Amino acid sequence: MHAATVHSLWTTAAAAPDKIPSPDIEYGQLLPTLIVLGAAIVGVLIEAFLPRRQRYVAQLFVSVVALAAAFAAVIGLAASDYGTSKAHVAAMGAIAVDGPALFLQGTILLVALVAVFTFAERRLDPVVHGNRVDSFAAQAAAVPGGEAEKAAVKAGFTTTEVFPLVLFAVGGMLVFPSANDLLTLFVALEVFSLPLYILCALARRHRAMSQEAAVKYFLLGAFSSAFLLFGIALLYGYAGTVAYSGIADVVDGQVRNVTPALAGTMGNDALLLIGGAMVLMGLLFKIGAVPFHMWTPDVYQGAPTPVTGFMAAATKVAAFGALLRLLYVVLPGLRWDWRPVMWGVAIVTMLGGAIVAVTQTDVKRLLAYSSIAHAGFILAGVIATTPDGISSVLFYLAAYSFVTLGAFAVVTLVRDAGGEATHLSKWAGLGRRSPLVAAVFAVFLLAFAGIPLTSGFAGKFAVFKAAADGGAGALVVIGVISSAVAAFFYIRVIVLMFFSEPRTDGPSVAVPSPLTSSAIAIGVAVTLVLGVAPQYFLDLASQAGVFVR
């Protein structure tokens, strides 16, 4: 009997195919993401089918062309007014196509394009067995220091899988700030996190430390994903939907058709507050805000430096985009509940990052704590809850990401026999040995410190002004104090480079290929242009600062 019932249900469903609506996807508006993910799949096929000698060039070509094409697609969408008048929700309500999404996607694609140059660098490490090598392990699956690894190094293998991994990560990052429902947000989070966990473990030198960094990142990242997922479940229980607009309607009390099953839990404020807090925790982890920052210094130090630069710049852009959309689109009705909490997080993050950075002795750890302090500065703009707040955060992210990329690219150049010399004592007197590299690094440090005529100053000024206008004056005062503390350790590094005697056994500066040179040059150019003439870009950010509801 039972089987017959099931069978009749199947035949009824098959007889009425018009009951299942076909999805309606706007492929043109999702083009940037589709190009990047398509290229990532091509990269996987290249790994499978091309002979090992040809893979590096093919992967580099595919990655650069894909990222450039995706950026052109973003520009095309912006030029067709999808950032302003035509902003809407595409892909059956899953993806928002609006100003902030396009601005952040453009930033992520440019950052990734510059980062790919640093990934492809092959002149810094000394030639091994007649082969040029990059920063990544010869054979990722081999045990560090084992026979298989020695054989792979001898044969001149290089891990070219890093290029498709970066593209997959970028694909996830493009969806993350534009996700318009919580499930899309979670899937995007996993799509960009998993490749990053792998990339962190692939350093050619110090492989054990690199793998330790990856395991820490993976465990803490899985932990934060679990919080996010649990929060999504609670918000679904609260609102009966995972769509951003649907949750916002329930928060505002404008609900129409409710199913009886949901009527029981719907509008239960405890679910809303706990769920919202858990989703926020997941996002604050990705941003690296105190107290969710514990992974940052270890991962930044252990990961291969090109990966650290990419991760530090691009993940922040994607995560802040998602945070802004969550707070401004889903939970604007809860402003009085989340603002005090974010005040607290921003204050601890600014002060914590700046004060702990003073004690650091490793360049990469110093930049890690500095990135935590910057997360606090950007949160000040998030707290403003005004249109200026959004545009100042967008501008700051664009400015910050290029400074970060450039700074980590410079770190890859300073080397001794053991690879990169990241201990600060080894950087003493660098300005006398190679003045150009030290001068470039000094420009990036001044930008981090927010000295006028650098992009850091324009960004900080915009964020603090928005926060003050939004009624968070006390926060600005604390921000300025922690900026002063931060300026101390940036200036200390500059003094160390230019005003101390070079050590006889000090590191040398490797001469990079045009790839890394252009990455650093782009970083310097963006830093100075956004510092000297920021107005055009500030206007661009303010035009792009309106979320589609």
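A polar contact is a pair of N or O atoms within 3.5 Å; within protein, one atom must be able to donate a hydrogen and the other to accept it, and residues adjacent in sequence count only if both atoms are side-chain atoms. This is a predicted model, in which local features need pLDDT of at least 70 and side-chain atom pairs count only at pLDDT 80 or more, while totals for chains, interfaces and linings use all residues. Residues are numbered from 1 along each chain as its sequence is written, and side-chain values use heavy atoms, with hydrogens and water left out.

1. Threonine 315 belongs to helix 13 (residues 305-330); helices are DSSP runs of H or I of at least four residues, strands are runs of E of at least two, and both are numbered from the N terminus. A polar atom of the threonine 315 side chain lies 2.9 Å from the backbone oxygen of methionine 311. Threonine 315 counts as buried because its relative accessibility is 2% (buried is under 20% relative accessible area, exposed over 50%, partly exposed in between, with a 1.4 Å probe and protein chains only). Beyond its neighbours within four places in sequence, threonine 315 is in contact (heavy atoms within 4.5 Å) with Met173, Phe192, Leu196, Lys286 and Phe310.

2. Threonine 118, in helix 4 (residues 99-119), is also described by a side-chain approach to the backbone: the backbone oxygen of alanine 115 is reached at 2.6 Å. Threonine 118 is buried, at a relative accessible area of 8%. Residues up to four places away in sequence aside, threonine 118 touches Pro306, Ala409, Thr516 and Ala519.

3. Glycine 302 is placed in helix 12 (residues 295-302) and, at 7% relative accessibility, counts as buried. Which residues does glycine 302 touch, not counting those up to four places away in sequence? They are Cys200, Ala203, Met209, Ser210 and Ala213. The C-alpha atoms of glycine 302 and alanine 203 are 8.1 Å apart, although 99 residues separate the two along the chain.

4. Helix 3 (residues 52-79) has 28 residues and should span 40 Å at 1.5 Å a residue; its end C-alpha atoms are 41 Å apart, which agrees. The expected span is 1.5 Å times one less than the number of residues. Just after helix 3, aspartate 81 adopts a positive phi of about 70°.

5. An open, antiparallel sheet is formed by three strands in the order 4-3-5. Its edge strands, strand 4 (419-420) and strand 5 (508-509), each pair on one side only; pairing requires at least two DSSP bridges between two strands. Strand 3 (residues 414-416) pairs with strand 5 over two bridges in the antiparallel sense, and valine 414 stands opposite valine 509 in strand 5.
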